[in-house]
Each structure stands twice: as C-alpha cells, then as structure tokens.
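Me: I've got a model open and I'd like to learn how to read it. Can we go through it feature by feature?

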Amino acid sequence: MVKKIVESWKVDDSKPVIVEKYDKVAVKNGIDDLLRKVFNTKHEVQETFRTRDTRLSICFIACLFSGFGCLYDFLYPFPASKIVLGVCSFSYFTIVGLLYIWEWFVEKGTFFEGTLNGSTVRLSSYIPRFSGQYTFTGESTVDGERREMQFTKCISTWIDEKGTIVREKIESESDIIFGELLKPKKQ
C-alpha cells in the first residue's frame, strides 16, 4: 500500500514541466528541479542533504525550546513560569536568528549537493528582483582541487512561448556544468 503511494509521488519524466512564464520564482524552481533531476539520473551524482539536515536540526532545537516553554507554562501557570518563558522565548528567537544567518551565508540558494567518486559538487542559483537573469553558481572539489563556475543567462533561454521548460536545453547545460565541475582535467 505504502509503496503504491510513494510510486504515485514520482514525477513522470515524459511529462514536460510547464510553469507560468511570468512567475520568475516558479521558473527558477522548475529549472533548479530539472537540473537536480538530470544530475541525479543522467550524471549519476548521489545527492547529499547535509545543509538541509543542518537547517532541520536548527529548526528542531528552536521547536524544543518553544515546546518546553509551552509545557512548563501549562504545568506551572504564568506567574510561576515567567522566568522559564522568558528564557525559552529569548532562546527561540536567537536560534531562529541563527537559522536566518545559516540560510543567508551558508546555504546561499543551494538547490543541490552531491558526491560522485569522492568528488563533491554544490549547485545554487539566484534571480534578482525585477530581473529575468538566472545566475547559476557551481562549486566542486575534485581530487583536492577546488573548482568554481558561474554564468548568468536570461530565463527565456530555457523556456518556450507556452511556458514549458525545455528539458533538452537543460540537459545540454548540465553536460557543460558537469564537464567543468566534475570531469578530471587532462594532463
């Protein structure tokens, strides 16, 4: 039963990804998802979830403080729980502040992290406000050597007039990205 439900969640590769072409967030997410899928399937890069797991851990710790404060206030009503509520509230908001710092300075729009034969790769993207320019950044470490690449293209490069993200163009871009970031350099 559960297997059938999980299989129904899988995205059908034969169906094209159609987005509202004027909604740049949807376009960015569609391009990111296709790049992630191509790196997982075509290039067989094993996806890792370190930054997402860290973000979830930070959120979990914040929720623990919040939950403990609520439970303590339930067991010992307000005048008696004033100090504990203050400490838990301060801790919660401090940890949420750390979460924002984590997202801004560590994650930086990362949509894919993976490993292939001991090499690591990290892909991130960004579309500025009031702009249709998709900025892609890729970082990798191959045999101890750090590699980086960045390019900026208009989002219309990957979308046709109907709002369909053209998978072939994404795959050709991913071949270039894979070649620059993960292929061993010829001596």
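Me: Let's start with E44: is it buried or exposed?

Reply: First, some ground rules. This is a predicted model, so to speak, where local features need pLDDT of at least 70 and side-chain atom pairs count only at pLDDT 80 or more, while totals for chains, interfaces and linings use all residues. Residues are numbered from 1 along each chain as its sequence is written, and side-chain values use heavy atoms, with hydrogens and water left out. Now the idea: buried means under 20% relative accessible area, exposed means over 50%, and partly exposed is in between (1.4 Å probe, protein chains only). E44 has a relative accessible area of 61%, so E44 is exposed.

Me: Where does E44 lie, and what is its phi?

Reply: Helices (H or I, at least four residues) and strands (E, at least two) are DSSP runs, numbered from the N terminus. E44 lies in the loop between α2 and β2 (46-47). Its phi is near 55°, a positive value in a residue other than glycine. F130 is another case: its phi is positive, about 60°, although F130 is not a glycine. F130 sits in the loop between β4 (119-126) and β5 (133-142), and at 73% relative accessibility F130 counts as exposed.

Me: On to charges. How many salt bridges does a search of the whole structure find?

Reply: Side chains of opposite charge can pair when their charged atoms come close. The cut-off here is a side-chain nitrogen of Lys or Arg within 4 Å of a carboxyl oxygen of Asp or Glu. By that rule, the search of the whole structure finds 12 salt bridges. One of them joins the side chains of D33 and R36 at 3.0 Å, N to O. Both residues lie in helix α2, three residues apart, about one turn of the helix. D33 counts as partly exposed because its relative accessibility is 42%. There's a network too: salt bridges link D33, R36, E47 and R52.

Me: Which residue forms a salt bridge with R55, with the closest N and O atoms 2.9 Å apart?

Reply: That's E107. R55 lies in helix α3 and E107 in helix α4, so the pair ties together parts that are 52 residues apart in sequence. E107 is buried because its relative accessible area is 8%, whereas R55, at 28%, is partly exposed. R55 also meets E103 in a salt bridge (4.0 Å, N to O). This pair links distant parts of the chain, with E103 in helix α4 and R55 in helix α3, 48 residues apart.

Me: Last one: how far apart are the C-alpha atoms of T54 and L99?

Reply: They are separated by 9.4 Å, and the two residues are 45 residues apart along the chain. T54 lies in helix α3 (residues 50-75) and is partly exposed, with a relative accessible area of 29%.
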